[in-house]
Amino acid sequence: MAESVIGKRIPKVDSREKVTGQAMYAGDYRMPGMYYGKVVRCWEYASAKVKKLDFTEALKMPGVVKILGPDDVTKKPYNTTVMKLLVPEIFGEVFGEIADLNIFNKIVKHQGDAICGVIARTEEAAERAADKIKVTYEPLPVLMTCEESKAEGAKKNGYLFTPLKPGNKAFDLPASFFPNQRYGWNDKDGKTAMELFDKCDYVIEDTYYVPKQKQCQMENHSYVAHYDERGRLNIWTSTQMAKPVQVLIAELFELPLTRVRLVQTIVGGGFGVRLGMIGEPHCCAMAMAVPGHPVRMEFLREEDWVASETRYPGHIWFKCGFKKDGSPIALDSMYMARKGGYYTHGSGPPFCFAAFIHGMYKWQAMGCQTEGYFTNEVPTGAYRGYGNPQLAFSGEQMITRMCKELGLDELEWRKKWHKGIGDETWLKGVTFASDGLNDCLDVAAKESGWYEKKKKYAKQTGVKRRGLGVSVMQHTSGAFPMLLEHSVCTAKLNEDCTVELMQQISDLGTGGHTAITQMAAETLGFPMEDIHLRSGDSDMCGFDIGAHASRTVYCAGPATIEACESVKKQLLERAAQLLEANVKDLQMKDKIISVKGNPQKSISAIKIAKEGVYNYIDAATGKTIGIPGQIQGYSSFFAKHCSPPFGACISEVEVDTETGEIKVLKLVNAHDIGKAIHPPSVEGQLEGGAQQGLGFVLTEEYAYDKMGRVLNNDFTDYKMLGPSDMPDAKIILIESAPDPIGPMGAKSCGESALMGPIGSVANAIFDAIGIQFKEAPITPEKVLKAIKEQGLQK
Amino acid sequence: MKKRAITLTINGEEYNLNVPVHYTLLQVMRDQLNLTDVKYGCGRGECGACTVLLDVGKGGMQCKPTDKKTTYCTMSQSKRKPILACIALAATMDGKSITTVAGLAQNGDLHPVQKAFVDESAIQCGFCTPGMVLKAVSILEKNPKPSEEEIRNGLEGNICRCTGYVKIVKAVQVASKKTATGKR
């Protein structure tokens, strides 16, 4: 065996091309005969009917090739998400999946809805022509809250977003599947959570609000589509879900998969926003209108805010009952989510919110109801965490408040009552196989000085008050068994005994390509540089779901391992035949296969690889020299579990009681990774996720005017934490509980990073000033208002 | 459409260009010259993805008399200032010289800042990386031994959504140590 590369701090496989500017993102592609496609969006209204569309003046503009309106492209409605491919059809129906979006629309359901498209010779020509298009709108009611939407939907002849969803209710848990429309479980006597509150010593009830947050990936959505002379539709895109999006495009344009080629370029960040189609339908529709000419399309940053999906905002209600000693008895809850203008991921994040409650603590009975209503906002979809950040803000604050009021040690309470090995995870019937949470809590407590500082900050006076907060979480590694988790890998042994992996791995910056290459190198015992991952082109790669649900290492890694094991097995089998030895007696080191204990009896794997490809007949004997056939390993892997990782985070904050400013001084996030394949990547996920989590809890939210127009569609008015705003962040990887199912013991980390910072900062603020904030983000204005109204509670 | 003839040096190569007067430097570089290592992130100078380094001082030997008898000479590096290509008009760049991330490596060797970004895994999606690396180079050229606070303040204006800046700051510190000791 070559020296193991697993767990090593090696440079990422793609870092040199990125650091020299050679990395090609979708917006960097330039092709001969290329046109530019510009989507004309509605900026004036969030709810309106297009009365008239006049292209006359626009068509006179120089450089214009074609202008396409709603009737010039397919009118087949679609849904941006790939969800329907990931569940059996019956599930989609039960959950109420619908297709309610068109490429170009005659009804505007949110600011930024696409109206028509201009194809021109240059970007500038397209933009100038777009300015000359005259659209006459008839304004419709603007519905920005669940209550407004519900009320309008209940009216006779009230405005409906879609006739498919009466009352404007986009989603709720179907009673046919979920008793009382709640996800959860009853106690051992069959009593629901609602029925158990009477038996509790202490009942807490609260409503929280969680914000509409934007992914803010740095690369804008960009595409090139080319309908070529062979009648193939080619698209270059930075989607997260390459294969499923290829399938959606094929379905939308009614083409067989052989005629749709999707090339996933380097992805400039995703965080869920590219989980499905965004501008692909528009770019493809424009390309199909000008066969032979590639069409390039690049979102402006301001378009990203109004035309790609966001996190689900909404209200969360919790009612929890405990015994005096803190034993958790019953939890009942409700998540009322604002859906935005289209269905997209309608059922996903609200259901997952309930699911993550399901996976966290040992209630005797637990139930969660979730509903979503259409609103005239940019649609909500997938964003890193997928329902779990919302729980971190609400649920973890509630636990802390209960502990404080009952005089319990909140760290010990979490240790005692969190679910662990053998308990059901976020999904019924699937049990935890590993649990490193108590280690996470112990390490985080030690590193943050939890007990000493808690004591020190117990009695504070003065303007600036410090506090410490803790928060725990569990997440998932892939989405099995709720969703399909299938990955295909082909490992081809080159004639020089290097390996080409052909596998669709979406690396959004996560280090996925590096980790997969490491796993291949480890399995084969080859050096890293002898493995090359070929990814991105649907003409080459087999099926893969893509990057979602923190799945790459956990769900795609095993396919890599299986394919490489097959290559190794075939090499050893051939060596056994050539050496006249038994396969089980052979070992391979530095590409030399030898009989254990008899190193003289050996053969080079390079020779086997070469002779497999360049196989000749020995003229003297008439027999083949070596064994013919190029070696190839293949795996079509279906994940069988979701090995949820745990995590514990402690934050220390300082609240300025005169200005309301909150400064996060230190953040310690201990993550139960099982085994870190590439530790710098795992750390990177947790460090970067902290910035997004802190944004959720402190600064980030869409602001709308009364007309439903976004007020902060830029990086000045939408505040993300910058380099000098970030706290001292200490990430600790806990490997004391390697997962028995995960590849090489690994669990996920991608989405896990946000929850800890969210819950712990909210709790630290509570600790500092004694006021719990029910609305995120917790801005200085809210802090000052609360202090004014309630006074310092500590 | 009014155009203006300009001479612009990019990574040591001189370009004689005819640029529409309303075009930004970013448009000219990406769309006219196909230099796509300079990224479009926001188009209004908020994210720093399009950062390039503008040469503002002459490099080489600089001598100044310190008193009547002696002249004090120093070899100074050329001074480079970060500018944002998305809000710089190309027509105003006549006679200027700029460096992009594609022009940082010398003789195939990565610049110490680039090397530190690779070694410290300070790159995730990589979209902010060209601008971030150039910004870091400018920080170190101005101040070879910046404190962590100076690094963080210096990086303000360049947004990264992947890393939380942790490994980026670390990379600048590592590069600072290497450049301060003259190692490449």
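The side chains of A:Asp539 and A:Arg261 meet in a salt bridge, with 3.5 Å from N to O; the term denotes a side-chain nitrogen of Lys or Arg within 4 Å of a carboxyl oxygen of Asp or Glu. The model is predicted: local features need pLDDT of at least 70 and side-chain atom pairs count only at pLDDT 80 or more, while totals for chains, interfaces and linings use all residues. Residues are numbered from 1 along each chain as its sequence is written, chains are lettered from A in the order in which they are written, and side-chain values use heavy atoms, without hydrogens and water.

Chain A is divided into domain 1 (15–140 + 218–269 + 274–307), domain 2 (146–212 + 310–408), domain 3 (410–476 + 644–794) and domain 4 (486–638), with bounds from an automatic or database domain assignment. The C-alpha centres of domain 1 and domain 4 of chain A lie 39 Å apart. Their contact (heavy atoms within 4.5 Å) takes 17 residues from domain 1 and 16 residues from domain 4. Together these two domains bury about 1300 Å², 50% of it on carbon and sulfur atoms; buried area is the accessible area (1.4 Å probe) lost when two parts are put together, summed over both. Of the area that domain 1 buries here, A:Gln240, A:Lys243 and A:Gln264 supply 34%, more than any other three residues. Three salt bridges are found across this interface of domain 1 and domain 4.

The second interface joins the two chains. In it, 62 residues of chain A are in contact with 45 residues of chain B. Chain A and chain B bury about 4100 Å² between them, with 52% on carbon and sulfur atoms. A:Val19, A:Met218 and A:Pro723 supply 20% of the area that chain A buries against chain B, more than any other three residues. Seven salt bridges are counted between the chains. B:Arg30 and A:Asp28 meet through their side chains in a salt bridge at 2.8 Å, N to O.

A:His678 is buried, with a relative accessible area of 2%, where buried means under 20% (1.4 Å probe, protein chains only). Leaving aside neighbours within four places in sequence, the residues in contact with A:His678 include A:Lys8, A:Thr514 and B:Ser121. A polar atom of the A:His678 side chain lies 2.6 Å from the backbone oxygen of A:Ile10.

Key. Buried means under 20% relative accessible area, exposed over 50%, partly exposed in between (1.4 Å probe, protein chains only). A polar contact is a pair of N or O atoms within 3.5 Å; within protein, one must be able to donate a hydrogen and the other to accept it, and residues adjacent in sequence count only if both atoms are side-chain atoms.
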